[in-house]
Amino acid sequence: MAGSILFDAPGPKTIARHRLYTVLTVLVLAALVGFAVWRLEDTGQLVYDKWEVFWTPAYVEVIGEALLNTLKMAFGAILLAIVFGLVFGIGKLSEHALIRWPSWLVVEFFRAVPVLLLMIFIFYWLSIGGGPLSPLWCVIAALMLYNGAVLAEVFRAGVNAVPRGQAEAAYALGMRKSQVMLSVQLPQAVKIMLPSLISQCVVALKDTSLGFYIVAPGLTAVARPIYQQFANQVPTAIVITAIYITVNLLLTALATWVQHRLIGEKNPIDLSRVGNMDGGRAV
Amino acid sequence: MEAVFSNFDEYLKAFGLTLGLFVVSGLASLVFGLFLASLRVGPVGIMRKAAAVYVTVFRNTPLLMIFIFMAVAMPKLGYNFKFIEDFEIAGYSVSAFFFRSCLALTLYTSAFVAEAFRSGVNAVPVGQAEAGRAIGLTFTQSMRYVVLPQALRAVVPPLTSVQVALIKNTSVAAAFGMAEAVATMRAFNNDNADQRIQIFLLFAIGYILIVEVVSLASYALERRWKVA
C-alpha cells in the first residue's frame with residue numbers, strides 16, 4: 001500500500017522534520033558501525049593474521065569443499081523432499097480416507113517436530129555405532145522429512161490453485177483420476193509451485209547448518225576447526241555468514257527470475273501461509 | 001518409555017526451559033519486529049532502507065551462525081553477557097546462557113515478524129485507505145478505524161507461523177549449552193540406547209503439544225476477530 005494515500009503530500013514543515021529524521025538515522029547508524037569497528041580494532045580482531053587464513057589457498061580449498069558439501073546436502077534434501085512431498089501431497093488430496101488420513105498424520109508430524117530433534121534421532125538410530133548412514137546422510141534424511149512435509153502442503157496448494165474447470169474438462173473428456181492428476185493438474189501446478197520450491201531451497205540450505213551438532217561436514221562444521229586453530233572466532237563467523245548470505249541471495253534472485261518468467265506479476269503460492277519460515281501451518 | 005517416565009521431572013524441566021526461551025524471545029521479537037516493520041512502512045527513506053537491510057541479512061543467515069556469533073564470537077569482543085547474572089529478582093537470576101540464547105532467537109525471529117507485519121499492512125486493499133481519505137478522515141483516523149483493524153486480522157496467520165517456527169528454533173540452543181528439550185533427549189539417548197524410538201516419540205509429542213496449543217489459540221483469535 002502506497003503511503004502517499006494515507007496522508008496529504010508533506011508540507012514544508014513535514015519535509016523539514018523528515019530531513020531531521022534522516023540526519024538522525026544516519027548519525028545513529030554511523031555511530032553503530034563506528035562502535036563495531038572500534039570494538040573489533042580494540043580487541044585486536046582486525047589484525048592481518050586473523051584474516052590471512054581466508055586467502056590461504058589450502059584453506060580456501062577446504063572452505064570451498066565445505067560449501068560444496070553444504071550445497072550437496074541442501075539440494076539432495078530438496079530432491080528427495082520433492083518425491084516425499086509429491087507422494088504425501090497427492091496422498092492428502094486422495095478421495096480414499098485410508099490414504100488421506102495417514103498422509104495427513106505424516107505431514108503434520110514432521111512439520112511440528114524440530115529438524116534438530118529429527119536429526120539427532122536419526123543420527124543416534126542409524127549412524128552412531130556402525131549404522132548405515134554417514135552424518136551427511138543423517139542431515140539429508142532429516143531435512144528430507146521436514147522439507148518434504150512442507151512441500152506436501154505446497155503441492156496440495158498448487159494443485160488446488162489450478163482452476164477447477166481444468167479438472168472438470170478433463171473428466172468430461174473421459175480421463176481417469178490418475179490421468180487428470182498426472183497430465184492435467186500436476187503440469188500446471190508445477191508452474192505455480194516452482195518459485196516456492198526454490199525458496200524452500202533457501203530454508204533447506206540454512207538448516208544444513210544444524211549438521212554442526214552431529215559433526216556432519218559443511219560450512220558450519222569447518223568453521224570450528226578454523227577458529228580453534230587460529231583463534232579468529234570473529235573473522236570466521238563473519239566470513240562464513242557472508243558465504244551463507246551470498247548463496248541464499250543468489251537462490252532468491254533465481255526464484256524471482258523464475259517467477260517472472262513463468263507466472264509474471266501474479267503472486268506465487270504464499271509460502272508464509274504454507275510453512276516457509278521454517279514451519280508453520282497450512283491454510 | 002520408562003526411561004522418560006522414571007525421570008519425568010527432567011522431561012518437564014526440559015520443556016519448561018523450551019517454553020521459557022519461546023515466551024521470552026517470542027515477546028521480545030514481537031516488540032522489535034513491530035519496530036522494524038514500522039520503520040519499513042514509514043515515510044523516511046533511509047529508515048526504510050536500514051530496516052530492509054536488517055531483514056535481508058537476518059533472514060538469510062542460518063540461526064546457528066547467529067548463535068555462533070553470540071556464544072563464540074561475542075566473548076572475544078569482551079561481551080560474555082555475564083553481567084546479567086548479577087541481577088537478582090527474589091533470589092532468582094537469569095543465566096548468561098539463557099540471555100544470549102534469547103538474544104540470538106530474538107534477533108533472528110524479529111526479521112520474520114517484521115515481514116509478517118508488513119505483509120499484514122500490505123494485505124489491506126488500497127481502496128480501503130482511499131475510501132477513508134475520501135470521506136474526510138485524517139491520517140490518524142483512517143489508520144485507527146480503517147487500516148489497522150483490518151491489518152491486525154490479516155497479520156494473525158503469518159505471525160502464528162513465525163511463532164510456531166520459533167518454538168522449533170529454540171532447539172538450536174541445545175548446541176550451545178542449554179539443557180532444553182533436544183539436549184535432554186540427547187542425554188536420555190546416551191543413557192538408554194535401547195529405548196531410542198520411544199524417547200524420540202515422547203519428546204516429539206511434547207513439541208507437537210506446544211505447537212498445537214499456539215495454533216489453536218491463533219485460530220480462536222482469528223475466529224473471534226472475524227467479521228461476518
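User: Among contacts in chain A between residues at least 6 apart in sequence, what percentage join residues at least 24 apart?
Analyst: This is a predicted model, where local features need pLDDT of at least 70, side-chain atom pairs count only at pLDDT 80 or more, and totals for chains, interfaces and linings use all residues. Side-chain values use heavy atoms, without hydrogens and water; residues are numbered from 1 along each chain as its sequence is written, and chains are lettered from A and ligands numbered from 1 in the order written. Contact means heavy atoms within 4.5 Å. For residues at least 24 apart, the share is 75%.

User: How many helices and strands are in chain A?
Analyst: Both are DSSP runs, numbered from the N terminus: helices are H or I with at least four residues, strands E with at least two. Along the sequence, chain A reads α-α-α-α-α-α-α-α-α-α-α. The count is eleven helices and zero strands.

User: How are α4(A) and α6(A) oriented to each other?
Analyst: Helix α4 (residues 97–112) and helix α6 (residues 135–161) of chain A pack with axes 8 Å apart, at about 125 degrees. Axes are lines fitted to C-alpha atoms over the stretch in contact, and angles run from 0 to 180 degrees between N-to-C directions. Angles under 35 degrees are roughly parallel, over 145 roughly antiparallel, 65 to 115 roughly perpendicular, the rest oblique. The pair is therefore oblique.

User: Which residues of α4(A) make the contact with α6(A)?
Analyst: The α6(A) side includes Leu145(A), Tyr146(A) and Ala149(A). From α4(A) come Val107(A), Phe110(A) and Arg111(A).

User: Is Cys201(A) buried or exposed?
Analyst: Buried means under 20% relative accessible area, exposed over 50%, partly exposed in between (1.4 Å probe, protein chains only). At 8% relative accessibility, Cys201(A) is buried.
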